[in-house]
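Here are my notes on the two-chain model, point by point. Please read them with the coordinates open.

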Amino acid sequence: MPGPGIVLNEAPWYRSLSCLVGPVLLFLMLLLGCLLLSITLGASELSWQQIVNLFTAQESGHVERVVWQLRLPRALLAAMVGIHFALAGFILQTLTRNPLADAGILGISAGASFTAVLAILGASLFVSGLESHRQSQMILGYLPLLAMAGGVTAAGLIYWLSGAARLTPLRLILTGVVLATILNALVTGVLALWGHSQTEMIVEWLAGSLHGRDWQHLAVLWPWTLSGLTACILLQRPLNLLRLEDDQVLSIGLNLRLWRLFALIVATLLAASAVGVVGPIGFMGLVVPHICRRLSPHDVQQQMLLCVAVGALLMMLADLLGRIIIVPYELPVGVVCAMIGVPFFLYLLRRQP
Amino acid sequence: MSLVTQHIQMGYADSIVIDDLSVKIPQQQITALIGPNGCGKSTLLRGLAGLLAPQRGQVVLQNKALPSWSRQALALQVAMLPQKPVAPDGALVRQLVNYGRFPYQGLLRSASREDLEVVEWAMKRTGIAHYADKPVQALSGGEQQRVWIAMAIAQQAQILLLDEPTTYLDWGHQLEILELLSQLNREQGLTVVMSLHDLNQAAQYSDYVIAMEQGQLIAQGTPVQVITPQLLSRVFKVRAQVVPQDNGKPYCIAQGTVSAADLAVASEKEVA
């Protein structure tokens, strides 16, 4: 960890950057390690020799297809949605001053799920001509945008119902919890009434899964990852200040309404775009910020950077675990996250000073 | 920097807390707001700081109504310390005091040499420099209050508003805070407006006193003009003796509540 010098940025910029070199190198090495594991392990075992051959262009056909078309994009996508959920959770926890907030608990994921389920069902009604595999591939391409529309609508409702400009963090989280309950009930209701034709696909999607995701999904998601990360650079100082009481935030000159709304929008877009691609994966958004605050207790800026690293690595590992734990079957990454995330979260709570 | 309220009515939702209040804050002086709990002292301070907009009337700073000031420009002129703020998890003393420099730094610029010097100065003045790298939550109530005051003075605004800055502090720490404020007032010409519960402290440390009751202005003027037995019995329902001290400031000695006095008079009558 960088020393206390970075806390205030009192060092010149290159010094504070040089503090980051170590951690960033460590992160890249871990990332590379996870990537190599992800492309080697799985239902069809590849040997290290085959992987090495792949890079020296001596391997083709099956191995090339498995690595380039299936495992690599999937691992990269896992890292990206990990970043999305972790940052969204971090922003929402800071914004609501509540360590339990995340996109799932606030109803943003539920809003995204609701429109996505409607879209899957709607498509099965109107495009019944296509064979089911092609059809689901096609829908997966459109889901991110539709899910984002749902997530943004849900966030808008939460913002409006909790008093818009007169919003308080507590009211925001209570409204979110209520809306999440209603939306999740609606999802279940729709599924029970009209879900028969697509139950399998919807249930898998709702569990949160990276199965069958490829470059196409990566292409849909990366602009949102990039704009989300850029927005986070702007957000770091306001997020620092939003931890204070409203009256203090205002009296040190931050436009509270504007930045609170902006932070909510950024968190919503990050979470909802990820939900659209891989389904509502819970607990990442809840647990990762806690890990990062544990790793760097004092500095919001470092905590955000850590969220990017820890979110990416953990999601990639969770997906890898889901793929190798009961070969040849696959445990959805959402299930793995819940199974690791919940006990770990309880452990963190018990160790809370 | 002149700060004036013009016929303001303030409140929350349906309840009116302050009604038709006009007051001019004396520049480069220390003003004490006194009055019973719930009389609108905090609400008036929030109005003066532009944190709560009046429902009617307006608050004017330097001939310009508060809503036409940008938040950042206002923060350079007016700093406000609310009552008993809660420190964020894990925040260090130095970080919180540095937040007071936000109006000078904006979103992306990091702390300048001047910012760092002001932060050091603010921590020294409030006697917390040796806690600089400790988490605020690990400090005692009195120390935390000094951190908040350091953050407020690091803002280097010309007007400092404080809502009960001495509440929750022991006697010695109360006096330390008040002496610090009067030093800053003398040395830097800082305008201070604070609500206080201790009338003798209000009399001792302020140049000007504003007495409020049920959202109305009851009296304003120098401590001698305002703090009188008549006012104390009217506003606080307390029977008190007010004696002048050597330095000319009044000193109050409470003798009991007005209702107890009434009861005593009533029972005397019965006996007779």
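Which residues of S6(B) are buried on one side, and which on the other? The answer is in point 2.

1. Ground rules. This is a predicted model: local features need pLDDT of at least 70, side-chain atom pairs count only at pLDDT 80 or more, and totals for chains, interfaces and linings use all residues. Residues are numbered from 1 along each chain as its sequence is written, and chains are lettered from A and ligands numbered from 1 in the order in which they are written. Helices (H or I, at least four residues) and strands (E, at least two) are DSSP runs, numbered from the N terminus.

2. Strand S6 of chain B. Val78(B) and Met80(B) are buried on one side, Ala79(B) and Leu81(B) on the other. Buried here means 20 or more other C-beta atoms within 10 Å of the residue's own; exposed means 12 or fewer, and partly exposed lies in between, with C-beta atoms placed from the backbone. In a regular strand the side chains alternate between the two faces of the sheet.

3. The six-stranded sheet. S6(B) belongs to an open sheet with the order S6-S7-S8-S3-S9-S10 in chain B and mixed pairing. Its edge strands are S6 and S10 (216-221) of chain B, each pairing on one side only. Two strands pair if DSSP finds at least two bridges between them. Neighbouring strands are turned by 15° against each other on average, direction ignored. Axes are lines fitted to C-alpha atoms, for helices over the stretch in contact, and angles run from 0 to 180 degrees between N-to-C directions.

4. S6(B) and S7(B) (residues 159-163) run parallel, joined by four bridges. Met80(B) stands opposite Leu161(B). S7(B) is joined to S8(B) (residues 191-195) by five bridges, also parallel. There, Leu162(B) stands opposite Met194(B).

5. Helix H1 of chain B. H1(B) packs on this sheet, touching S3 (30-34), S6, S7, S8 and S9 (208-213) of chain B. Its direction makes about 150° with that of S8(B). H1(B), residues 41-48, also lies across S1 (3-12), S2 and S4 of chain B, at about 120° to S1(B).

6. The four-stranded sheet. S2-S1-S4-S5 of chain B form an open sheet with antiparallel pairing. The edges are S2 (15-25) and S5 (64-65) of chain B. S4(B) (residues 56-61) meets S5(B) over two bridges. Lys64(B) in S5(B) is the bridge partner of Leu61(B).

7. Helix H5 of chain B. The 13 residues of H5(B) (residues 113-125) should span 18 Å at 1.5 Å a residue, and the end C-alpha atoms are 18 Å apart, which agrees. The expected span is 1.5 Å times one less than the number of residues. Asp115(B), Val118(B), Val119(B), Ala122(B) and Met123(B) are buried. Seen down the axis, these buried residues fall within an arc of 135°, so they line one face of H5(B). The arc is that of the directions from the helix axis to the C-beta atoms. Arg113(B), Glu114(B) and Glu117(B) are exposed on the face turned away. The cover over the buried residues includes H3, H4 and H6 (141-154) of chain B. Just after H5(B), Gly127(B) has a positive phi of about 70°.

8. The hairpin. S11(B) (residues 238-244) and S12(B) (residues 250-257) run antiparallel, joined by seven bridges. Ala240(B) has Ala254(B) as its bridge partner. Five residues lie between the strands, and Gly248(B) in the turn has a positive phi of about 90°.

9. Chain A. It has 13 helices and zero strands. Buried residues make up 47% of its 353 residues. H6(A) (residues 169-194) has 26 residues and reaches 37 Å from first C-alpha to last, close to the 38 Å expected. Its buried residues include Leu172(A), Leu179(A) and Leu183(A).

10. The interface. 29 residues of chain B are in contact with 22 residues of chain A. Contact means C-beta atoms, placed from the backbone, within 7 Å. H2 (71-77), S6 (78-81), H3 (93-99) and H4 (102-105) of chain B each give two or more residues to the side of chain B that touches chain A.

Note on methods:
Two residues are in contact if their C-beta atoms, placed from the backbone, lie within 7 Å.
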